[in-house]
Amino acid sequence: MAPNALETNSLRKEFGDNVAVSGLTLAVPQGEVFGFLGPNGAGKTTSIKMFLGLVTPTAGSGSLLGAPLGDRAARAKVGFLPEHFRFHDWLSADEFLQVHGELYGMGRDRLAKRRDELLELVGLTPFRRKALRTFSKGMLQRIGLAQALLNEPALVFLDEPTSGLDPVGRRLVRDIIRDLRSKGTTVFLNSHLLSEVEITCDRVAFIKHGEVVRISELKTLVEGETRVTLRARGLAPDVLAGLGQWGHDVRADDGLVTLTVAGESALPGLNRYLVSKDVDVYALTPQKLSLEDLFIQIVGTDGGL
Amino acid sequence: MAIFTITRLTFLEAARRRIALAAFSLGIAFLILYAVAFYLVIHNSSGLPAGNIQADLLRSQIFNFLSLMGLYAVQFLTIAMAALVAADTLAGEISSGTIQSIVTKPVRRAEVVMGKWLGYALLLALYLVLMIGGTILIVRIVAGYTLPNVALGALLIYVESLVIMSLTVACSSMFSTLATGGIVFGLWGLAFIGGFVEQIGALVHNDSVVNVGIISSLILPTEAVFRRAAFIMTSPVVQSLGFSSGPLFVVSVPSSAMVVYAVFYLFVLLGLAVRQFGRRDL
């Protein structure tokens with residue numbers, strides 16, 4: 001079996017009296033898109049910095065692509081988009097990718113090819129000769145993302161990759177992550193945009209006070225009893241009463257009906273039933289417990305303060 | 001090689017951020033000023049001796065003095081440039097976060113420090129070639145005079161600038177940009193004053209005062225190395241009297257051991273920068 005892309009064992013980091021990460025234990029298998037969630041100050045960025053050797057752990061251990069944390073050779077197969085994406089803004093987009101490719105130790109031809117591909121992918125080809133100084137926040141994020149993918153990494157760390165992006169940019173990031181997943185690349189995603197995480201991640205870890213509170217598969221997370229909203233016309237009283245066999249807690253209110261079903265698998269049957277009773281169905285919407293609700297449930301409304 | 005990528009990046013930064021431009025234009029402004037002043041001294045001074053061998057000797061003394069005066073100013077400009085370009089290098093990149101995407105590549109942190117150091121060392125070499133070369137050329141064209149041992153003297157001034165640059169890089173690996181600037185100019189000031197103290201001690205034949213100066217030179221050997229350089233480039237006649245005719249009027253001449261010490265000192269500082277940056281949380 002391939003080793004985990006990332007593994008940590010009781011990682012701890014103290015800055016003086018302040019404990020940033022108190023004991024982080026997690027394992028991310030290769031090929032997984034892993035979401036790292038937690039309130040501000042929970043130690044997410046410090047954790048990523050320890051994975052990448054930017055910060056030395058006070059205690060604990062870990063491995064990155066099978067090598068101990070801080071191993072130089074392992075970083076050749078790792079991509080990283082830092083939080084705030086601060087880069088040398090006096091470089092042009094082209095020069096920026098050139099320099100970072102050289103630091104990866106990439107050969108000249110391969111680098112030239114990757115540079116063109118990635119500029120195209122993130123939509124910055126027309127701006128390749130412009131200095132990063134003139135870039136908007138969203139453009140910096142795009143070029144930062146290109147930088148993180150230069151070496152076709154086996155593992156990519158994205159620290160808040162969509163925070164500065166407009167909806168088009170966010171969709172781009174989502175597509176890129178999907179593409180990486182299909183290539184078997186492991187993606188470690190630190191994001192506050194839970195809707196993004198919900199769409200892209202296989203598993204998520206919730207951390208609070210520098211500790212993993214819970215790790216869940218996203219599928220199991222959102223399965224279970226689901227509240228369904230139904231917008232329909234021609235709902236006769238007997239049909240309404242018949243809804244009881246599909247779920248409970250049925251409430252009707254001015255053409256909108258809500259009920260709780262056992263799970264998403266009940267929805268097709270419910271729909272067939274309504275159609276067979278000549279009901280015009282306009283919408284049948286499961287109100288899943290959102291990741292946001294779950295986040296607040298797990299982390300608490302105090303934001304981990 | 002990552003180290004050369006960093007060196008190139010350092011060069012590019014100096015060029016793009018117009019630091020080099022500012023330093024080089026100031027340098028050229030100085031050379032123009034110097035050329036005009038020197039020309040006026042040679043051609044418009046009625047008191048300049050002429051005629052016999054004795055007068056020629058005196059004239060060459062004056063040219064020697066004026067050349068060293070020019071190099072003294074060049075040395076000031078170089079030190080300021082060394083400290084200014086290097087102060088922000090590691091500290092600035094750490095505080096802005098630009099360092100994060102660099103050191104997470106498969107490079108050694110030591111390569112980052114040494115690449116930057118090499119970049120500044122080359123930049124200073126270029127600057128000194130322009131400035132010392134310009135000064136020497138002006139004197140040669142206007143007065144037909146060349147300083148003795150000028151190549152060796154220039155090399156010593158280069159060592160002096162490397163000492164300041166290495167000190168700046170070392171401080172920048174530990175402290176903020178502002179603190180780095182404060183420490184470097186503070187220490188340089190100390191060495192400068194120490195140099196004067198040593199001269200006064202030597203003039204009045206007071207060994208303990210001389211020792212105070214020597215200790216300040218050990219703390220930062222810049223001033224001492226320049227005085228050694230000035231002594232080497234002084235006319236043999238004056239040199240034989242045991243002091244140089246430079247603007248410092250060097251009475252107490254630092255030995256060549258001080259130069260060896262300075263070279264050792266700058267490599268220790270570079271090692272310190274590598275060590276501190278290597279273990280620092282970024």
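Residues are numbered from 1 along each chain as its sequence is written, and chains are lettered from A in the order in which they are written. In this predicted model, local features need pLDDT of at least 70 and side-chain atom pairs count only at pLDDT 80 or more, while totals for chains, interfaces and linings use all residues.

Colleague: How many residues of chain B are in contact with chain A?

Modeller: Contact here means that C-beta atoms, placed from the backbone, lie within 7 Å. On the chain A side, 22 residues take part, and the count for chain B is 20.

Colleague: And which helix gives the most to the side of chain A that touches chain B?

Modeller: Helices are DSSP runs of H or I with at least four residues, numbered from the N terminus. With 4 residues, the top giver spans residues 93–103 of chain A, and that's helix α2.

Colleague: How do α3(B) and α8(B) run relative to each other?

Modeller: Helix α3 (residues 53–87) and helix α8 (residues 177–203) of chain B pack at about 160°, with axes 9 Å apart. Axes are lines fitted to C-alpha atoms over the stretch in contact, and angles run from 0 to 180 degrees between N-to-C directions. Angles over 145 degrees count as roughly antiparallel, so α3(B) and α8(B) are roughly antiparallel.

Colleague: Which residues of α3(B) meet α8(B)?

Modeller: On the α8(B) side you'll find Thr177(B), Thr180(B), Gly181(B), Val184(B), Phe185(B) and Trp188(B). Facing them from α3(B) are Ile79(B), Ala83(B) and Ala87(B).

Technical notes. Two residues are in contact if their C-beta atoms, placed from the backbone, lie within 7 Å. Helices (H or I, at least four residues) and strands (E, at least two) are DSSP runs, numbered from the N terminus. Angles under 35 degrees count as roughly parallel, over 145 as roughly antiparallel, 65 to 115 as roughly perpendicular and the rest as oblique.
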